[in-house]
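Hi everyone, thanks for making time this morning. I'd like to walk you through a structure, going from a few single residues out to the whole chain. Here it is on the screen.

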Amino acid sequence: MGIDCGSQVVLCEYPIRLDTYEGCSHDCRYCLARMKRDISNVKPLHCAEQVRRFAAGNRTATTSWCDWRIPLHWGGLSDPFQPAELEHRCTLEVLQVLKETQHPFIVSTKGRLVAEEPYLTLLSECDAVVQISMTSPLLDKLEVGAPTFAERIEMAARLAPRVKRVIARAQPYLPQCKASLMEALPEMKRAGIHGITLEGMKFKRRKPGLVKVGGDWAYPEEELERDYLAIRSRCRELGLAFWCAENRLRSLGDSTACCGCGDLPGFEGNRFNCVSIANGSGGGPSELMRRPGTAGCFKSLHQQAGVSDVIARRSFAELMTDAAGAF
């Protein structure tokens with residue numbers, strides 16, 4: 001896998017993902033991936049040379065639409081700093097390439113290795129934004145293989161002076177975590193965290209009080225909006241930035257770039273996507289995006305027989321426009 005771009009392209013400004021492992025040992029009870037397959041068998045993905053080629057401007061069928069140094073979104077499917085890294089060092093290999101090339105990236109993790117050597121020094125020498133997944137101490141019992149919430153605050157404090165920005169990634173958010181999350185916000189600020197991004201828990205099965213959103217069951221929009229506005233208000237009192245990764249409520253955030261780095265120099269994402277267009281912050285397609293043959297990343301969204309041949313003749317701009325019309 002390594003570097004790829006798939007279904008998130010219609011929703012995210014940083015949809016080109018990087019994963020250095022397949023599977024995860026954090027054993028988070030709420031993880032949707034574990035409902036689809038056994039993720040306990042962690043496999044290394046040695047992809048340092050693939051990262052080097054991407055940083056040099058080489059593109060594949062799924063990334064051919066992008067001709068600028070778009071930041072890689074690292075850790076979308078598997079934590080790069082999970083315990084398996086001590087054995088395989090796939091993440092270390094990639095960090096060394098990212099240091100050499102100075103290619104920007106956003107890395108999402110809850111693994112304690114991110115704040116330990118040699119990773120801490122390497123990150124300080126990279127063009128890096130670090131997202132630490134941390135919603136509430138109440139979730140510690142559901143994240144049995146990961147550091148506790150308190151430990152992650154300490155990790156953030158070690159990282160904050162060394163990287164471009166540390167973002168608290170409150171995903172998944174549950175309404176019962178609201179009080180404890182708000183109580184933790186001053187501690188996050190003291191740790192040097194720049195801001196917080198939220199997204200509600202998604203469920204595969206119907207539960208009382210949930211509503212159908214796409215293929216998932218989720219909390220009602222009005223309930224989440226009420227909570228998010230209260231959390232946003234407290235963030236602003238404390239001087240914390242606030243973003244909303246909830247696609248239904250993305251406009252509540254300081255920007256629709258919910259990874260928390262859309263305003264950083266050198267972190268230019270793709271604003272030509274469905275969510276940004278729907279919220280009035282979208283940009284237009286580049287010249288490259290208009291060229292036929294640049295829509296390969298849409299194959300993950302269209303799995304019907306014969307569609308691959310059609311997509312091969314279409315442009316990224318055409319299929320994103322179609323998706324935005326149906327969004």
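Let's begin with Q102, which has a relative accessible area of 35% and so counts as partly exposed. Before I go on, please keep in mind that this is a predicted model. You'll find Q102 in the loop between helix 4 and strand 6. Its backbone is worth a look: phi is positive, about 55°, although Q102 is not a glycine.

R89 sits in the loop between helix 3, residues 85–88, and helix 4, residues 90–101. Its relative accessibility is 30%, so R89 counts as partly exposed.

While we're on the backbone, let me show you two cis peptide bonds. One joins E117 and P118, with omega at about 5°. P118 belongs to the loop between strand 6 and helix 5. The other runs from Q171 to P172, and there omega is near 10°. P172 is part of strand 8, residues 165–173.

How many of the five residues of strand 6 are buried? The count is five of five, over residues 105–109. In general, side chains in a regular strand alternate between the two faces of the sheet. Here, F105, V107 and T109 are on one side, I106 and S108 are on the other, and all of them are buried, which leaves both faces of strand 6 covered.

Which strands pair with it? Strand 5, residues 72–74, pairs with strand 6 in the parallel sense over three bridges. If you want one to find on the screen, W74 has V107 as its bridge partner in strand 6. Strand 7, residues 128–133, is also parallel to strand 6, and that pairing has five bridges.

A handy pair for finding your way around is T197 and its bridge partner in strand 13, W243.

For a contrast in direction, look at the open sheet of three strands, in the order 10-12-11, where the pairing is antiparallel. Why does one side of strand 10 and of strand 11 have no neighbour in the sheet? Strand 10 (202–203) and strand 11 (211–213) stand at the edges, each with a single partner strand, so one side of each is left open in that sense. Strand 11 and strand 12, residues 216–218, run antiparallel and are joined by three bridges. In that pairing, K212 stands opposite W217 in strand 12.

One more residue before we zoom out: S276, in helix 9, residues 274–278. Buried or exposed? S276 has 0% relative accessibility, so it counts as buried. Its side chain makes a polar contact with the side chain of E13, at 3.2 Å. Beyond its neighbours within four places in sequence, S276 is in contact with E13, T256, R271, S281 and G282.

Finally, the whole chain. We have 11 helices and 13 strands. The radius of gyration is 19 Å, close to the 20 Å that the globule rule gives for 327 residues, so the chain is as compact as a globular protein of that length. Its C-alpha atoms fill a box of roughly 50 × 45 × 40 Å along the principal axes.

Of the 327 residues, 53% count as buried. If you take contacts between residues at least 6 apart in sequence, 71% of them join residues at least 24 apart.

Key:
Residues are numbered from 1 along each chain as its sequence is written. This is a predicted model: local features need pLDDT of at least 70, side-chain atom pairs count only at pLDDT 80 or more; totals for chains, interfaces and linings use all residues. Side-chain values use heavy atoms; hydrogens and water are left out. Two strands pair if DSSP finds at least two bridges between them. Helices (H or I, at least four residues) and strands (E, at least two) are DSSP runs, numbered from the N terminus. Buried means under 20% relative accessible area, exposed over 50%, partly exposed in between (1.4 Å probe, protein chains only). A polar contact is a pair of N or O atoms within 3.5 Å; within protein, one must be able to donate a hydrogen and the other to accept it, and residues adjacent in sequence count only if both atoms are side-chain atoms. Contact means heavy atoms within 4.5 Å. The radius of gyration is taken over C-alpha atoms; the globule rule is 2.2 Å times the number of residues to the power 0.38.
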